[in-house]
Amino acid sequence: MDLLNTLVDKGLRRELPSREEALAVLATSDDELLDVVAAAGKVRRQWFGRRVKLNYLVNLKSGLCPEDCSYCSQRLGSKAEILKYTWLKPDEASKAAAAGVAGGAKRVCLVASGRGPTDRDVDRVSETIGAIKEQNEGVEVCACLGLLSEGQAERLRGAGADAYNHNLNTSEGTYGDITTTHTYADRVDTVQKAHAAGLSACSGLIAGMGESDEDLIDVVYSLRELDPDSVPVNFLIPFEGTPLAKEWNLTPQRCLRILAMVRFVCPDVEVRIAGGREVHLRSMQPLALHLANSIFLGDYLTSEGQAGKADLDMITDAGFEVEGTDQVTLPEHRGGPCGSSETEAACGSGAHAACGSGTGSACGSGAHAACGSGTGSACGSGGGCGTHEEAAESPVAEVPEARTDLVAVRRRGAGTDLAPNA
């Protein structure tokens, strides 16, 4: 298929595809799906080989958030029966992190619900970062605490944080439909603050919230423009008790197309399959490893993932290998394992000539990755030739009935007396 050959060629050169080409990926048929996966897999292997980076979430403070993000089980007014607890002590958080590291995680992601941290919260998280770093040599720590105030990113960097996660979640045009207590611009600002402080920026999206293909393209191109080092792709987990509980818009095939599109638009960044992979990809998870080079190990913030051992077996059986703490995640031109704020190349900004065609803004900021927000239903356009008109005429695959049996509230690990899943 000429489209896929073109996209592979652009991905190997870090050149930005056109919006029409990206839409055409979402519009490919099921008969073409394996060809799409194979093409995007060539780009993935060019920049990341067969390595899979493992990340482990520690929910430092669960529930009772004052923000109204419609996708989130921790939101204001949520009736989801999730764990609710205040800040873990540094030793408790460090113990939880150690379980993930023992399971093979290279990065620990420290997440807290809320609009953003107070200065006292930053002190508390800084203590936790120090404890984790002291006990786990070579492990990266990413903080995900919401909107940052002036100087807070610098303080986290000084405490030893390697990265900061804040997802864009969905397109700027539809952001007000999912959240009213803060703005899309607030999210972009926090990603930029983290980047400016020398932290590796992590920002992604949530698919499956009822968004259009164009919305998906918008957020992914915005992310490329923001140029985070890692882009988590979340698939909405429709928790009972949240406004989006009935939004079951995804099939495994659509999820694979979305991941392939993200890989083509952001070829040399860490693309991470985040929340919802077990719920929506199901038995097709191994195929997704040909598109993404990073996953979360074990459980998520408020939901359970598959067993940590099953994750490891899946990686091995699919012919991939777990990335070690002594290995560099990002390609050399992006500045090393956590990126660098000193050169444009380190963050791969869409501004530099090698990255691309200058046709359009490119890749976006975010709210916290771990929370898994994002846009969603995204598939669409016509059978692979790439025009918007053809996309509109393409038939939409029927979405199966909701699989609520696949959504399990986390009852183990951080904030409980039960052993974590890692």
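Serine 94 is placed in helix 4, which spans residues 90–102. The model is a predicted one. Serine 94 has a relative accessibility of 2% and therefore counts as buried, the cut-off being under 20%.

The chain as a whole was examined next. Its secondary structure comes to 15 helices and 10 strands. The chain has 422 residues, and buried residues make up 63% of them. Contacts between residues at least 6 apart in sequence were also considered. Of these contacts, 80% join residues at least 24 apart.

Helix 9 covers residues 213–226, and helix 10 covers residues 252–265. The two helices pack at an angle of about 35°. Their axes lie 10 Å apart. The crossing of helix 9 and helix 10 is right-handed. Helix 9 contributes Asp213, Leu216, Ile217, Val220, Tyr221 and Arg224 to the contact. Helix 10 contributes Arg254, Ile258, Met261, Val262 and Val265. By class, the residues of this contact divide into eight nonpolar and three charged, with no polar residue.

Aspartate 227 has a positive phi of about 60° although it is not a glycine. Aspartate 227 is found in the loop between helix 9 and strand 7, the latter formed by residues 230–235. With a relative accessible area of 3%, aspartate 227 is buried, because this value is under 20%. Arginine 282 likewise is not a glycine, and its phi is positive at about 55°. The loop holding arginine 282 runs between helix 11 (277–280) and helix 12 (285–288). Arginine 282 has a relative accessible area of 23% and is partly exposed. This class applies because the value falls between the 20% and 50% cut-offs.

Note on methods
Residues numbered from 1 in each chain as written. Predicted model: local features only at pLDDT ≥ 70, side-chain atom pairs only at ≥ 80, totals over all residues. Heavy atoms only, no water. Axes fitted to C-alpha atoms, helices over the stretch in contact; angles between N-to-C directions. Helix = DSSP H or I, 4+ residues; strand = E, 2+ residues; numbered from the N terminus. Left-handed = near helix turned anticlockwise from the far one by under 90°. Contact = heavy atoms within 4.5 Å. Nonpolar A, V, L, I, M, F, W, Y, C, P; charged D, E, K, R; others polar. Buried < 20%, exposed > 50% of the residue type's maximum accessible area, 1.4 Å probe, protein only.
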